[in-house]
Every structure is written in C-alpha cells, then in structure tokens.
Amino acid sequence: MAQAAAVAKPPAPPRRRRASATPRRLPYLLIAPAALLMLGFIAYPVISVFYYSLQNYNPTKPWRNGYAGFDNFVHAFTKDPVFWDTLVFSAKWVVVEVGLQLLFGLALALIVNQTFVGRGLGRALVFSPWAVSGVLTSAIWVLLYNSQTGITRYLADMGIGSYGTSWLSDTSTVFPAAVVADLWRGVPFFAILILADLQSVSRDLYEAAEVDGASRLKQFWHITLPHLKDAIILSTLLRAVWEFNNVDLLYTLTGGGPAGETTTLPLYIANTSVDAHNFGYASALTTVAFVILLFCSMVYLRLSKFGGESK
C-alpha cells in the first residue's frame, strides 16, 4: 500500500536555478570605461572652473595667488564695466543672429521641400556652408571684406562707396558685416532641422485643408507651424547657446574690435585668460556665463512648453 502511494506521488518540480546577475550587468560593465572617460573629461574641467573662480590665480604673478572667495564675482558685477558691455552685446548678438537664422532657415527649408528640377543639387548647395569650420568661414569673409580685393573695391568700381573702405574697421558697419558672415554658416543649420521635420508632415492634412478652402497662408499657420513647434524650439535653443559661446568667428573677423564693439562675453573671457593670464577672474566670468545660460534655457523651455501638445 505504501509502495503504491509512493509510486502515485507526482515527482517534485525541478529546482529553478538562480539567474546569474552577470548578464544583466554586462551592458553596464561594457559602457563603464567610456562613461568614466566622459565623466572625467566633462566633470573635471567644470569642477576646476568652479574652484578657480574662488581663487586669485595668475601664473605670471604667483605672489598674488590665493583664496579670493567671492571677490572675483563682486568685481565683475560692481567694478568691471567691460563685463556689462560684453554681456549686453552678447544678448544683442544672440537675438539678432538666432532670429535671422531661423527666418531664413525656415524659408529655405520650405523652398527645398518643394518638388523642382535639380532639387538634390539645390539642397546640397544650401547645406554646404554648415560643413565649413568657423575659422575657415571667417577666413573666407575676411577676404571678402578686404578693402583692396574684396566686395568694397568692386562696389567702388560701380560708384558705390569709396576705395579703401573696410567694413570691419568701421564701428557703424562692423556689426552688420559680422552678422552676415555668421548668417552664411548658421542658416543651413535651421534649414536642415526644419526640412527633416517637414518630411514627416502628412500630405493628407494639406489635401484636406485644400478641400475645405484653406489658403496657403492658413495651411502654413495651422498645419506647418504647429508641426514644427518642437523642432523650432530645440533648434533655437541650441543655436542660441552656440551663438552665445561664439568665439572663433568674431575673434578671426574683428578680434573684438573696433574699440571693443564686437566683444562678446566668451571672447572677453578668452582675452582675460589667454592674454592677461588672469585665470581666476576668467573662471568667475565663465561661472556667471554658465549660470546665465542655464537659467535662460530653463525659462525658455518652460515658457515655450517644449514637448507639449500644440493647441
């Protein structure tokens, strides 16, 4: 009887082996070296800037080096008029550049999104300036603005202006000249991003709007722009940060001149650190610029409702 009961008893289910934790950790172990390197290359410079912003650090005057506390920040806000001038010009530069680049980039994206003969070549020509480096761009425009061989000489030959005129040396023309040079390289950035987003707009929406009698302007306002909202917000934010930190083009074109008319805050920081070797004060200015950019970015994203649904 006991033997029959033992035979009828179902066998115990096999014990499940504990899953090894190694396969789950393997992806993190594989990316750990790259993550540590990125953390080192990013975190260390940032921490160093914050540290030196509280120091008097000038390698050419080591006897003055030491802890300064918030003296560098106090000096920037209360005793340095150049700081405020460069900050105001930086804001002006960003607003003008980003606004014009967005306007012309949107127009170009709408044009090359149409179907026409040679569209591929047209897109390549529109996007090609973005592939040129900032230093090479400024070198090209320095030659174009040259008073002996550039645009002004050909205009003088046609009776417009006078010979020997240099737009980069005149305080009344240097700003628009620099704006045009940077527009040539910055407009394709907006055109690329906006065109990529335009490709995803369904043609059915436009066909339905045409059936309802909507004009081209209404289609653009109620279909195209709402669809491009996030792309426009992201591109303007990225470009604003890049334009604020723009050093190479203005440094090569004007060097911040004439008479400091085109000196942005990052260019002032570069001159303070590289030329004057005042790395402590330059680090404090960099910290201020970082806080300004962070605050403005957060406010812009909050007010623009990035990622939210368009009404």
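Glu243 is buried, with a relative accessible area of 1%; buried here means under 20% relative accessible area, exposed over 50%, and partly exposed in between (1.4 Å probe, protein chains only). The model is predicted, so local features need pLDDT of at least 70 and side-chain atom pairs count only at pLDDT 80 or more, while totals for chains, interfaces and linings use all residues. Residues are numbered from 1 along each chain as its sequence is written, and side-chain values use heavy atoms, with hydrogens and water left out.

The side chain of Glu243 meets that of Arg239 in a salt bridge, at 2.9 Å from N to O. The term stands for a side-chain nitrogen of Lys or Arg within 4 Å of a carboxyl oxygen of Asp or Glu, and a search of the whole structure finds 1 such salt bridge. Arg239 counts as buried as well, at 4% relative accessibility. Both residues belong to helix H10 (residues 216–244), where they are 4 residues apart and thus separated by about one helical turn. Helices, here and below, are DSSP runs of H or I with at least four residues, numbered from the N terminus.

Along the chain, Glu97 and Arg239 are 142 residues apart, and their C-alpha atoms are separated by 8.9 Å.

Helix H4 spans residues 81–112 and also holds Val82. At 37% relative accessibility, Val82 counts as partly exposed. From Val82 to Tyr251 there are 169 residues in sequence and 17 Å in space, C-alpha to C-alpha.

Helix packing can be followed next. Two packed helices are described by the angle between their axes and the distance between the axes. In this model, axes are lines fitted to C-alpha atoms, for helices over the stretch in contact, and angles run from 0 to 180 degrees between N-to-C directions. The axes of H4 and helix H8 (residues 174–198) come within 6 Å and cross at roughly 45 degrees. That angle makes H4 oblique to H8, on a scale where under 35 degrees is roughly parallel, over 145 roughly antiparallel, 65 to 115 roughly perpendicular, and the rest oblique. H4 passes H8 in a right-handed crossing. In a right-handed crossing the near helix is turned clockwise from the far one by less than a right angle, and in a left-handed one anticlockwise.

For helix H12 (residues 265–275) and H13, the axes come within 8 Å and cross at roughly 165 degrees. H12 and H13 are therefore roughly antiparallel to each other, and the crossing of H12 past H13 is left-handed. Leu265 lies in H12 and is buried, with a relative accessible area of 0%. Between Leu265 and Ile223 the C-alpha distance is 39 Å, for 42 residues in sequence.

The loops on either side of H12 carry some backbone features worth a look. Most residues other than glycine have a negative phi, and most peptide bonds are trans. The peptide bond from Gly257 to Pro258, however, is cis, with omega near -5 degrees. Pro258 lies in the loop between helix H11 (248–253) and H12. Ala259 is found in the loop between H11 and H12 too; although not a glycine, Ala259 has a positive phi of about 55 degrees. This alanine counts as exposed, at 78% relative accessibility. His277, in the loop between H12 and H13, is likewise not a glycine and has a positive phi of about 60 degrees. With a relative accessible area of 31%, His277 is partly exposed.

H13 returns in a surface feature. Leu37, Met38, Phe41, Ile42, Val46, Phe50, Phe290, Val291, Leu294 and Met298 form a nonpolar patch on the surface, with about 1000 Å² of accessible area together. The elements giving two or more residues to this patch are helix H2 (22–52) and helix H13 (279–304). H2 provides the largest share, 6 residues. Patches consist of residues with over 30% relative accessible area and no salt bridge, with like charges joined within 9 Å and nonpolar side chains (Val, Leu, Ile, Met, Phe, Trp, Tyr) within 5 Å. The areas come from the Shrake-Rupley method with a 1.4 Å probe, and for residues only the protein chains shown count as cover. One of the patch residues, Leu37, lies in H2 and counts as exposed at 53% relative accessibility.
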